[in-house]
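Please keep the sequence and the structure in view while working through the numbered points.

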Amino acid sequence: MGRKSDGRERLLRAISDLMWESSYGTLTIDVICERAGVKKGSFYYFFNSKSELAAESIREGWEAKKPKMNTFFSATRLPLERLRAYFDDIRQTQYEALEKHGRILGCPNFNVGAEISGLAPELDKKLQCTFSDLLKYIESAIRDAQLEGAINVADPAMSARCVLGFFEGVLTHAQVCNDPTLLDDIWPGTLQMLGVTWDGT
């Protein structure tokens with residue numbers, strides 16, 4: 001049984017894992033508490049609702065990921081190498097999920113967002129903030145690549161939105177088909193959208 005001192009963290013980890021492994025809509029507070037090893041009464045000590053817990057989990061998860069994102073998108077890397085590093089990490093994460101769970105799990109935030117859009121405003125807001133931040137990373141790499149002459153795009157902001165939509169679509173396709181080889185399309189497909197000839201490396 002989790003101690004009150006670490007119950008909050010256990011609940012946050014539990015819902016984060018469960019939303020990725022299954023579905024936000026199918027989760028009950030009892031299921032979350034069982035995974036966390038926390039009593040139901042303790043749940044309501046920390047959170048008022050499942051959606052509040054999920055929103056906080058998404059916020060904390062993104063904040064925890066930012067140091068790695070800052071490394072991927074460091075100005076010490078060439079702009080296109082920043083994108084490649086991020087996509088390689090996505091691919092590796094999906095292969096780890098396949099090994100652990102026997103299936104591709106896709107993007108946890110995109111999965112939740114598509115499932116609950118319009119139904120849980122506080123959760124929608126946290127997801128929108130996360131995707132907004134992610135777009136800033138992608139756009140900065142595309143804008144720097146344009147300034148260096150590595151690509152020629154008319155609108156870096158729109159290109160960033162297209163890249164985000166493309167790789168989220170590939171992740172979902174790979175998830176539905178449970179086919180990790182589809183993830184191999186992310187990098188060459190991104191380069192194609194940015195007008196870069198890919199040499200296969």
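This is a predicted model: local features need pLDDT of at least 70, side-chain atom pairs count only at pLDDT 80 or more; totals for chains, interfaces and linings use all residues.

1. Leaving aside its neighbours within four places in sequence, which residues is Leu 134 in contact with? They are Trp 62, Met 69, Tyr 86, Leu 164 and Phe 167, where contact means heavy atoms within 4.5 Å.

2. Residues are numbered from 1 along each chain as its sequence is written, and side-chain values use heavy atoms, with hydrogens and water left out.

3. The secondary structure of the protein consists of nine helices and zero strands; helices (H or I, at least four residues) and strands (E, at least two) are DSSP runs, numbered from the N terminus. The C-alpha atoms fill a box of roughly 60 × 30 × 30 Å, taken along the principal axes. Of the 201 residues, 44% count as buried, that is, under 20% relative accessible area, with exposed meaning over 50% and partly exposed in between (1.4 Å probe, protein chains only). Among contacts with a separation of 6 or more, 62% come from residues 24 or more positions apart.

4. Leu 134 is one of the buried residues of helix H7, as are Phe 131, Tyr 137, Ile 138 and Ile 142. H7 covers residues 121–147, which makes 27 residues. From first C-alpha to last it reaches 38 Å, close to the 39 Å expected at 1.5 Å a residue; the expected span is 1.5 Å times one less than the number of residues. The buried residues of H7 pack against helices H4 (50–72), H5 (79–101), H6 (108–116) and H8 (156–177). After H7 comes Gly 149, whose phi is positive, near 80°.

5. Leu 134 also belongs to the largest nonpolar core, which has 34 residues. Such a core is a set of buried Ala, Val, Leu, Ile, Met, Phe, Trp, Tyr and Cys residues joined through side-chain atoms within 4.5 Å. Leu 134 is among those with the most contacts inside this core, together with Leu 83, Tyr 86, Phe 87, Ile 138, Ile 142 and Phe 167. Two or more residues are given to this core by each of H4, H5, H7, H8 and helix H9 (186–193). Apart from it lies another core, of 24 residues, including Leu 11, Ile 32, Ala 36 and Leu 53.

6. How do H4 and H5 pack? They meet at an angle of about 135°, with their axes 8 Å apart. Axes are lines fitted to C-alpha atoms, for helices over the stretch in contact, and angles run from 0 to 180 degrees between N-to-C directions. H4 and H5 are therefore oblique to each other; angles under 35 degrees count as roughly parallel, over 145 as roughly antiparallel, 65 to 115 as roughly perpendicular and the rest as oblique. H4 contributes Lys 65, Lys 68, Met 69 and Phe 72 to the contact, and H5 contributes Arg 82, Ala 85, Tyr 86 and Asp 89.

7. H9 is largely enclosed by the rest of the structure, because six of its eight residues are buried. These are Ile 186, Trp 187, Pro 188, Gly 189, Thr 190 and Leu 191, and they pack against H5 and H8.

8. Finally, Gly 7 lies in helix H1 (residues 4–21). Gly 7 is buried, with a relative accessible area of 1%. Not counting residues up to four places away in sequence, Gly 7 touches Val 38 and Phe 46.
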